[in-house]
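Let's walk through this one together, starting where the chains meet and then moving into the fold of one of them.

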Amino acid sequence: MRTIEAIVITNTVKKLCVEANCYLGDDIKNRLTNAAANESWQQAKEILGHIIDNYQIAEQKGQPICQDTGVACVFLKIGQDVHVQGDITEAVNQGVRDGYRDGYLRKSVVADPLNRTNTGDNTPAMIYFDVVPGDQIEITVAPKGFGSENMSKIAMLRPSDGLEGVKEFVKQTVLAAGPNPCPPIVVGVGIGGTFDKAAYLAKKALLRPVDQPNGMPFYAQLEKELLEEINALGIGPQGFGGKTTALAVNIEHFPTHIAGLPVAVNINCHVTRHKTEVI
Amino acid sequence: MAIKINTPLTRDAARKLKAGDSCLISGVVYAARDAAHKRFCECIAANEPLPFDIEDSIIYFVGPTPAKPGEAIGSAGPTTSYRMDAYSPTLIKLGQTGMIGKGKRGPEVIEAMKKHGAVYFGAIGGCGALLSKCIKKAEVIAYEDLGAEAVRRLEVEDFPVVVVMDSHGNNFYETGPANYLAQNK
């Protein structure tokens, strides 16, 4: 049994909140560079150029890439041989509090969904715990902006809807979102499980680097096909037309009930942010 | 070539702008989003004055990140505009001529824009660091308790936007992709 002090979790979460918000991952940067080179539509090309300038400025100045520094989604994979000295949930929230204050990040959380008073420190975080073998803790912080979160959808399809039904639902969700989620977007898709599990899988799909296809060839092929079909819709960067509507489609799947085919689509903008550290 | 706009934006000037025009805005715009818009409409209903002169004004739908020491403002890109659809027609009726945001608007806003002469600009979503360079001064003028959602008076210089919806009912979110698809069959 290895003991980890709660303060170590706090400090790691703090650091990851700031880094995720100010420094875009190489996978997204590469996709943006390629998209800018491949766009034939002039306005789309210019917008992609501005998006690239933007993340470079953010990186140089240590400034948030986007003003919506999100709700902090924190994923913890806790080794079953770890004992945490202290309150894990409070340790994570303290890390968010510290990171959002010292990193000059926006506090975007209201204490109650109907009586909407800002909590003032961006807590509570959305925390997802997983217990895994080992004596380490892997922490991922993924700040989630709500311009794109609001465009996400879930459907309980019939098994007879099959592959075509899933593809149609994903494409209709992207089409209905149009310019709202700041295209080019990253599309997280969760297929299977239960109502809530599908949504969780869709969110988890957004954590996988966009240059890593699904491990199963069938789903890797589906990711590729969906990306091509979404980019044929013509929505383009910011919804002004072009071939770059999405940078990637990431799919996660899970066994499900004989009567069901849950599918969830969690949309992210081009500022798809997540940073991970193992302690 | 981008069209230069100096605030205040008169109704006549707003009527001349066409969907798809690229513009650079200089002067004063007011930052306000969901919670501030709700309060504006409560003020109007109670016959109380608004925190700024709404006549010929431009409102930027933005909630910036906190400014670092020595900076005018933090990152400050547009937020999704449809959440202001419940409030914008009331403000347009009172003389607001410009809105800056991103994303679609509802029919009630489009009708008010046509009737009274107002324009909806799009700024690039997710480019808050880049756009903050065009904001030279920022001052909270109302509702400080709302934090990121407080009303701010912003002095902007050559702030880049595209006319998404004009006062004649044209919508660049429809014509832009349609033109692209027509030329890339």
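**Where the chains meet**

In this predicted model, 44 residues of chain A touch 42 residues of chain B. Three residues stand out on the chain A side: Gln67(A), Tyr104(A) and Phe240(A) supply 22% of the area that chain A buries against chain B, more than any other three residues. Taking both chains, the buried area comes to about 3300 Å², with carbon and sulfur atoms giving 58% of it.

What about charges and polar groups? The rule finds one salt bridge across the interface of chain A and chain B. Look for it between the side chains of Lys61(A) and Glu71(B), at 3.5 Å from N to O. The largest share, nine residues, comes from α3(A). By type, that side of chain A splits into 21 nonpolar, 18 polar and five charged residues.

**Inside chain A**

Now turn to the sheet. Four strands of chain A form an open sheet in the order β4-β2-β5-β10, with mixed pairing. β4 (126-132) and β10 (275-278) of chain A are at the edges with a single partner strand each, so one side of each has no neighbour in the sheet. On average, neighbouring strands here are turned by 15° against each other, ignoring direction.

Strand β2(A), residues 71-79, pairs with β4(A) in the parallel sense over seven bridges. Within β4(A), Ile127(A) is the bridge partner of Val74(A). Finally, helix α1(A), residues 6-22, lies across β2, β5 and β10 of chain A, running at about 40° to β5(A).

Terms used. Residues are numbered from 1 along each chain as its sequence is written. Chains are lettered from A and ligands numbered from 1 in the order in which they are written. This is a predicted model: local features need pLDDT of at least 70, side-chain atom pairs count only at pLDDT 80 or more; totals for chains, interfaces and linings use all residues. Side-chain values use heavy atoms; hydrogens and water are left out. Contact means heavy atoms within 4.5 Å. Buried area is the accessible area (1.4 Å probe) that two parts lose on being put together, summed over both. A salt bridge is a side-chain nitrogen of Lys or Arg within 4 Å of a carboxyl oxygen of Asp or Glu. Helices (H or I, at least four residues) and strands (E, at least two) are DSSP runs, numbered from the N terminus. Ala, Val, Leu, Ile, Met, Phe, Trp, Tyr, Cys and Pro count as nonpolar, Asp, Glu, Lys and Arg as charged, and the others, Gly among them, as polar. Two strands pair if DSSP finds at least two bridges between them. Axes are lines fitted to C-alpha atoms, for helices over the stretch in contact, and angles run from 0 to 180 degrees between N-to-C directions.
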